[in-house]
Amino acid sequence: MSDVSTTVGQRLQANRLNRGYTQAELARRAGVSVDLISMLERDVRESMSWASMVKLARALDIDPGVIAGKSSRLDRVPGASALAVRDAVISPDLFELHPDHDGEPTSLAELWRLIERAYGAYFGGEFGVLAAELPGLINECRLLEATDPAAAAPLSHAWQLAGSVLVHTGRDDAAAIAAERAIQAARAGSDEWRLATQYGVYCWVMLHQGRADESERLAMRAADAVEPSMSRAAPEQIAVWGGLVLQAAVARGSVGDVDGAEDYLRMAAAAAARLEPTGMTTGRRSDPHMSRSRPPTS
């Protein structure tokens with residue numbers, strides 16, 4: 001979902017000129033070479049490393065997604081609106097229902113069915129379909145949570161999906177708020193794996209904001225909280241812990257620290273070796289959605 005109307009170099013140049021910087025000044029502020037900026041702006045180079053993009057974005061005081069060209073547009077699906085998802089996340093009244101709602105809460109089983117369908121849309125790349133359904137789904141989860149604390153679990157996933165859509169449409173700050181709400185909802189339950197996974201999602205959002213160091217620290221802090229005893233850990237615990245370590249590896253790699261990333265990858269590989277091919281179908285499993293509760297790190 002990238003903006004194909006302009007190139008990376010054109011977007012970089014437009015933002016550089018908007019700040020009033022010469023290429024040399026931007027290179028100095030970002031800590032990159034003038035040649036890199038020159039080649040990008042002349043479209044001699046069509047891409048750069050994520051580490052360089054983050055440095056340039058920080059020097060220009062913009063999100064990396066602005067340079068990357070994330071599109072704010074969604075598929076042409078009736079009711080699809082990234083702004084509606086943002087408004088559902090950043091609402092002055094978190095308990096306000098749609099005027100047409102009859103006030104009767106949806107059953108917990110039905111909420112889980114809707115969450116499962118929403119994950120299907122997300123992993124199928126149908127962001128327009130997902131965006132059209134999310135505001136109503138969030139409201140339904142909140143309505144039931146008012147009388148049934150168990151609804152905090154599907155609500156956590158609804159917030160997470162909202163954050164994922166917002167990342168893909170270039171609204172990283174709103175996505176961070178959604179990720180925080182997902183963590184808050186997960187804290188209301190007793191499933192430590194869901195909570196740890198939602199911390200991983202927040203790390204993923206921060207990485208898209210160019211906050212690699214913070215992403216790494218939070219990932220490892222969350223990993224430490226659920227670090228398994230490899231001799232008797234449940235598969236879910238190993239998987240969640242390993243996923244957080246992988247997130248830390250991605251954060252290190254995004255700033256060009258290959259050695260640091262490889263250290264984390266070795267840790268995650270040790271955890272993966274403990275998981276048998278059928279490991280995730282045995283032992284304790286908190287709910288049928290945990291294996292799909294984390295978006296890809298791309």
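**Aromatic residues and the cores**

Phe127 counts as buried, at 12% relative accessibility. A word of caution before I go on: this is a predicted model.

What is the ring of Phe127 paired with? Its partner is Tyr122. Across the whole structure the search gives three aromatic pairs, and ring pairs join Tyr119, Tyr122, Phe123 and Phe127 into a cluster.

Tyr122 also takes us to Leu130. Setting aside neighbours within four places in sequence, Leu130 is in contact with Ala118, Ala121, Tyr122, Leu161 and Val165. Leu130 is, with Leu134 and Leu137, one of the residues with the most contacts inside the largest nonpolar core, which has 62 residues. Which helix gives the most to this core? That is α9, residues 152-168, with nine residues. Apart from this core lies another, of 17 residues, including Val8, Tyr21, Ala27 and Leu40. As background, nonpolar side chains in soluble globular proteins tend to be buried together.

The charged end of Arg181 sits over the ring of Trp159, 5.6 Å from the ring centre.

Next, helix α4, residues 50-60. This helix is mostly covered, with eight of its 11 residues buried. Those are Ala51, Ser52, Met53, Val54, Leu56, Ala57, Ala59 and Leu60. What covers them? The cover includes α1 (8-19), α2 (23-30), α3 (34-41), α5 (64-68) and α13 (235-254). Just after α4, Asp61 has a positive phi of about 60°.

Now the chain as a whole. There are 14 helices and zero strands. Of the 298 residues, 48% count as buried. Taking contacts with a separation of 6 or more, 71% are between residues 24 or more positions apart. The accessible surface comes to about 14,200 Å², and carbon and sulfur atoms hold 52% of that.

Tyr122 in turn is in contact with Leu130. That is the end of my part.

Conventions. Residues are numbered from 1 along each chain as its sequence is written. This is a predicted model: local features need pLDDT of at least 70, side-chain atom pairs count only at pLDDT 80 or more; totals for chains, interfaces and linings use all residues. Side-chain values use heavy atoms; hydrogens and water are left out. A nonpolar core is a set of buried Ala, Val, Leu, Ile, Met, Phe, Trp, Tyr and Cys residues joined through side-chain atoms within 4.5 Å. Buried means under 20% relative accessible area, exposed over 50%, partly exposed in between (1.4 Å probe, protein chains only). Helices (H or I, at least four residues) and strands (E, at least two) are DSSP runs, numbered from the N terminus. Contact means heavy atoms within 4.5 Å. Rings of Phe, Tyr and Trp (its six-membered ring) pair if their centres lie within 6.5 Å; planes under 30 degrees apart count as stacked, over 60 as edge-to-face and the rest as tilted. A charge sits over a ring if NZ of Lys or CZ of Arg is within 6 Å of the ring centre and within 35 degrees of the ring normal. Accessible areas come from the Shrake-Rupley method with a 1.4 Å probe; for residues, only the protein chains shown count as cover.
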